[in-house]
Amino acid sequence: MRRRRTRPPARRTRTAVLALAAVLVGAGTLTPQPAAARAEEDLTSLVNPLIGTAQEGNTFPGAAVPFGMVQLSPDTGHATGYDYQDTHIRGFSTVHLSGVGCALGGDLPVLPTTGEVTETDNARYAAAFSHRDETARPGYYRVRLASYGGITAELTATARTGRQRYTFPATDKANVLLNSGQPLHRTVASSIEVVDDHTVRATVTGRGFCGQDTRPYTVYTVTRFSRPFTAHGTWEGERLSPARRASATTGRSGAWVRFDTTRDRQVEATTAISYVDAAGADTNLRAAQGSFDRVVRAAGEEWAERLGVARVQGGGRTLRRAFYTALYHALLSPNIGSDADGRYTGWDQRIHRAGGFTYYQNWSLWDTYRSQAQLLSLLAPREARDMARSVLRVEQDGGWLPKWGYATVETNVMTGDPVTPYLTNAYQQGLLAGYEEEAYRALRHDADGVPPAGSPAVGRDGNTRYLRDGYVPLMPRPKGHKPGESDLEQGASATLEYALADGALAEMAHDLGHRADAERFADRSRNYRHLFDAGTGFFRPRDARGSFTGSADPARSPGFHEGTTWQYQWLVQQDLPGLIELLGGREAANRRLDTFFAYDKLRADPARTAREVWVHGPYDYYNADKYNPENEPDINAPYTYLSTGQPWKTADVVRAALTRYTDAPAGIPGNDDLGTMSAWLVLSAIGLYPVQPGTDVWGLTTPAFDRIELRLDRRWFPEGHFTVSAPGAAGDGRYVRSARLDGAGFDRTYLTTAAIRDAEELEFTTGRTPSRWGTARSAAPPAIG
């Protein structure tokens, strides 16, 4: 029989909440701030976009608005754009993905110079700079270039344009170089054209991500200058030319334009992009109005409103800066993909129009389904709904749901079935009102099939064996495999990911009345058991014949994507009671967790344990038996103690992990992966963490602040706010002694979204020592599959 989870008391049923969401869709705005809020602290001053730009956090410091199509930022020669250790800027380019681990974006790097133009390689004409002459804040970036007589570059952005303002020295040879042939990604073709004495067009076609030979995608750009240039030229490869047009099949192309700044030293430019066509770039350019300074103010105001959805009290300035910068990073993606007129390029490479919603793109789902998607569903539900609808459009246009989608193509990077917990989360949060059956049909199609040879999607390419045998075997990549990664090469982790997805889909099927499907997916959600080796007490991959294979040492077992079985053993969030039973019960599971977190050392010295005993190094995935706070597979693991009857240890581990986040350039552990690690910080600091991806369950732990007020969108949260209070938590009060929800005693270690919608305040009484709060079996999040 399928076990149904019980829920905390709520004044409205789930059906009523979904009905309310359907009625409220399309009406209202973000909850207006009371008059007193206008005098509150400027939260943008707590954001430092340079956090994460060192030690492979791979964030970018440049200008952007939330979820903007254009994210204008300097590139220094690092594969993903900007690295804090570099000393030269090669250009300011329009497209960046925050925290990715492989090269993407960087389209049309633009750099101001002076003198004669003699070089076409941006590594050779790059300009020196110093961090002493650099400023970054939400929606604005400024740097003084030490080269070329000293040029000040300022950047800001709208949703679909990047604004640049350059202050040159007095010269009649002030240049702006537009390099269409040297983006961060692999260029298939590029072209550039000087249209008139104010305008330059460029087109860049690229492909590839993390070494995969993806289908090509094209970015169209138009740059309009604030005043006419006095001279211009183009280049192809190393050859400079006075021609108006340059194109290159695989090499470099670019253009330069010149201004006389002997009297008026400032030059402004606006660059618009489109993934549809040149006309789309023109449309986006026309839609962005206002002076440079006005755009800076508008971007700052938009960020202030966004950051204002979470107001915290208590905690030191370092933590506050880390928190608000993490919230900023978590709100950078996915990115707008449709033009101002609603047109977008679908995954069938045809032009479509998004009617009544904004189309989004860039789907790092293997990462974001674990934390960032849930954060957006809570703090940006309007956009999260459009994002979920966009994922459904991917399936509608291309035939299959995305796995790791960039721009208009599937990259098939990473493994498993991340889109299922992503979309079922949207459903459970009430974001798919009116589209429930469409979403379910698409999810069932993906969960039960394998994309055909003619589709660029890989999907669940291990599904044939998984559906037959209950596991994905560990095998070499099949001959003739499509570009991208194969689940068969990571059979063990793929099995765990499929089973997790099946559990989330079983819940959705049951809610929608598809009872036979619900039982079928629920049975499949327990397929993780087929990998459990009783001899070692750990999950192990099986080969094509069904035998356990690879090293019996759990720290060295193959078949787990970017991790070991030590980290992946906790990825059974759909059935933690079942996992705990496999491990020998609560006591045995707690011993395993204590070893994993080096708990004795952590209690003695949390920060040192987190930095020296846990896995440290952004790409140190393997040969480890400890917690890896720098990557996604085990970021849920600290919350496993909620299910083993020792919730105070979750508080200890989370506090230790929070020490890895600082307000320095190296202040994010590992790649931020489109805001995933930043979302972990935000949610953990609030004390609400999505412990069961694909559902509406939030695990509870002691917040890092004394009080957090969440100002919520009234279309989804009729109360308009939810407050978590924990006096003393920012100091020595690490442990929950008791809890109350709207004044009533509350002893469970989880909440549902329905409860958050109905409630106004969760109050924790904290102390310096652990208590019995949340230790009963009935207090733990139950199984869902």
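Start at Ala388, which sits in helix α7 (residues 381-398); helices here are DSSP runs of H or I with at least four residues, numbered from the N terminus. This is a predicted model, where local features need pLDDT of at least 70, side-chain atom pairs count only at pLDDT 80 or more, and totals for chains, interfaces and linings use all residues. Residues are numbered from 1 along each chain as its sequence is written, and side-chain values use heavy atoms, with hydrogens and water left out.

Ala388 has a relative accessible area of 0% and is therefore buried (under 20% relative accessible area, with a 1.4 Å probe and protein chains only). Leaving aside neighbours within four places in sequence, Ala388 is in contact (heavy atoms within 4.5 Å) with Tyr422, Leu423, Ala426 and Leu432.

Leu423 leads us on to helix α8 (residues 419-428). Helix α8 packs against helix α9 (residues 436-448) at an angle of about 165 degrees, with the axes 11 Å apart; axes are lines fitted to C-alpha atoms over the stretch in contact, and angles run from 0 to 180 degrees between N-to-C directions. The two helices are therefore roughly antiparallel, a label for angles over 145 degrees. In α8, Val419, Thr420, Leu423, Thr424 and Tyr427 meet Glu436, Leu443 and Asp446 of α9.

Technical notes
Parallel < 35°, antiparallel > 145°, perpendicular 65-115°, else oblique. Buried < 20%, exposed > 50% of the residue type's maximum accessible area, 1.4 Å probe, protein only.
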